[in-house]
Amino acid sequence: MYLCRRIPKHLQSSLKNVKHNKSTIAPEQVQSESSVVVSSRLIEELQGVVGKSNISTAEAVREQHGHDESYHPTSLPDCVIFAENTEQVSHIAKLCNNSRTPLIPFGTGTGLEGGINAIKGGVCLNLSKMDKILSVNQEDFDATVEAGVSRQTLNTYLRDTGLLFPIDPGADASLCGMCATSASGTNAVRYGTMRENVLNLEVVLPDGRIFDTAGTGRRTKKTSAGYNLTNLFVGSEGTLGIITKATLRLYGIPECTTSAVCSFPSVQNAVDTTVNILQCGIQMARIEFLDEVAIDAFNKYSKYDMNVAPSLFMEFAGSDGTLDKQVEVVSEIAQMNGGSDFKWAQEAEERNRLWKARHDIVYACMALQPGSKPYSTDVCVPISNLPDVIIKSKQLIDEAGVIGPMVGHVGDGNFHVFFPVDRSNPEQVQKIKDVAKQMALIAQELDGTCTGEHGIGLGKRELLEREIGEEGISVMKQVKSAFDPNNIMNPGKVFC
Amino acid sequence: MSAYRVLVGCKRVIDYAVKIRVKPDKLGVVTDGVKHSMNPFDEIAIEEAIRLKEKKLASEVVAFSCGPTASQETLRTAMAMGADRAIHVEIDGKEAETLQPIHVAKLLSKVAQEEKIDIIMLGKQAIDDDCNQTAQMTASLLNWPQATFASKIENDNGSFKVTREIDGGLETIKVKLPAVISADLRLNEPRYATLPNIMKAKKKPLAKKKPSDYGVEVKAHQQVLKVEDPPVRQAGQKLETVEDLVVKLKDGGFV
């Protein structure tokens, strides 16, 4: 076992039986040595806050909370605690802060960067029991939810109001978890990301203070009042505090929606089409790119029969009249760029099936090499540099001889390669990491970022330093120490 | 081929996503302050009726609900999805609690006759009582054919070819119209009401009626004696050996 921690006797025997996936640990995957102890005293005190049934040191529970959907190996927290309200969260934070115990907020565990892995052990704070939808203001298009509410739960609740919360990262993630990673998704091209759609947050700081980033009850479309603390916490990946409530911007459900898939003779053609469409100022609902490797995976996993070629998955939404015009213009642009084989999906069932299959693409890619875990890249560049970075990335993937299906929110200049990783094959792991790093460096050279929406988590810490620069990182670290002087909040993430 | 007139029944029930709690007096479940919405199977029925209209097979879709005043919200949702008008049979809170499928079936058959309906579309069952009786009773009262648990409906020159989900698999039958059809889960995926349609629905006609307008009595036939939670799940026991397991099974009288 590669953990070097003093562990209380009553936990030692259960830890001996923990099975980790066999893998040669690459340098940056070694867990930091730490002498963190979650003492039996602390566990008792935590029990006192939430009750015996809301805290667990059971191996199975800790294992579930020690990994997300990424390739990063499981790192067990010492215990998992379930909070039922903000006061409990505050109390828990104080106890952890006073004992310098790492504290990791947990939403749904659907992240892709190892954000919740307890690499320094500690307490995993599961917020799923705080699952109330507190208010929906239909005329003002806003809703306030607790930390445990997932986005599909909210949209199901809203379905007869004609409103929806459109940010769609694929997984049924918790909305506050989406705030923490500044999530985005296939709809960002039309609705933006979490950054643009959070009006207010209730946050618990490591010292237990509870506050609202825009002031209690505020839910205006815009504000100039004081520092923008709301957007400081959006994207902070649990390193500054715990988000316990979010007030979100809602939108009207589009009147008419229709989807189409179009294939192209080359990646360049598909990407050029995207750039042209956006430069025409057309308000697409979704515009997604899949390369031929991804389409092949897609066909096999979701039982479709799409043309195995670089393709664009498009969704048009609007009122009756505007839709036809959009479809006309986009079809022309696609054809101009060699696009063909338009497949339309108009009925709700067909469209839902299509987009579900698109969202299942991670699993589809893993199925290409059964037993794999996903290593995903997330580079994002200005639209005009997109063809460049995609083509260069494809070259790197081909040269390395690895499976690298490419899927992307090309409308935002953002795309992912979901490498299936066999963690027991260190050579493959290293090859993939090298390619991913190269891709991020290319993107950074092209005025882009190494992560458009997944976050820094565990795997991109060095890339962040390069991207923001020394001064920027030192400013970030200053902010971190102002909020969390004892570094208990999700230690080891975002910064090295 | 003339276009059909469709009557769709919608029931206002506790929203399917809500965690149900039993009332302290154990005579029912908590409904105050709890989110209510249209019975999901009724949403599917409305959607199918609207699709018939879009295919020009139906000329008018009338939504129907019986219950307290709040049922009108459900009818507005039906109209926002595309129903042309609605009929609300007002039944006050107390009587609504003891309303049974037979009462609803009687009302539906009277309305169908008055409105010269060709197709009655219902959800297969309501998610609060799970009775699964209204469609069958209505067909019987009207002496109309019934196609229940419909997962696919196809037009067949004055009749309908309906695929039904049954225990053994799928059964396809031909139903002459007028008929009663009950919608099962896989019939379609209902559309969401959009804001402009919700606005328009506010202006669509909603007729307010009473059971006496149709000569139907809605007196309670039954009395709920008790409503209880299912027993709390007991913790399992981990045993070391097969021998221990056999002893435990013998002691428990299982072998």
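Reader: Which residue of β8(B) does B:D156 stand opposite?
Author: In this predicted model, β7(B) and β8(B) run antiparallel and are joined by six bridges. The two strands form a hairpin with two residues between them, and B:N157 in that turn has a positive phi of about 55°. Across the pair, the residue in β8(B) that stands opposite B:D156 is B:S159.

Reader: Which strand of chain B runs parallel to strand β7?
Author: Strand β7 of chain B covers residues 146-156, and three bridges join β7 to a strand made of residues 179-183. Within this pairing B:Q146 stands opposite B:V180. The strand that runs parallel to β7 in chain B is therefore, with a pair being counted from at least two bridges, β10.

Reader: Which class of residue has 21 members in the lining of the second largest pocket?
Author: The second largest pocket holds about 1,700 Å³ of space. It is lined by 50 residues, and B:K11, B:A96, B:E97, B:D128 and B:D129 are the closest to its centre. Among the elements of chain B that give two or more residues to this lining are β2 (12-14), α3 (93-97) and α5 (134-142). By class, the lining has eleven charged residues and 18 polar ones, while the class with 21 is nonpolar.

Reader: How far apart do the end C-alpha atoms of residues 26-218 of chain B lie?
Author: An unreviewed UniProt entry annotates residues 26-218 of chain B as "domain: Electron transfer flavoprotein alpha/beta-subunit N-terminal". This span is 32% helix and 31% strand, and the distance between its end C-alpha atoms is 24 Å.

Methods:
Residues numbered from 1 in each chain as written. Chains lettered and ligands numbered in written order. Predicted model: local features only at pLDDT ≥ 70, side-chain atom pairs only at ≥ 80, totals over all residues. Heavy atoms only, no water. Helix = DSSP H or I, 4+ residues; strand = E, 2+ residues; numbered from the N terminus. 1 Å grid on protein atoms, 1.4 Å probe; cavity = no way out; pocket = protein on both sides within 12 Å on 5 of 7 lines; lining within 4 Å. Points joined across faces, edges and corners; volume = space filled by probe spheres on them. Nonpolar A, V, L, I, M, F, W, Y, C, P; charged D, E, K, R; others polar. UniProt positions renumbered as here; feature names shortened; annotations may be inferred.
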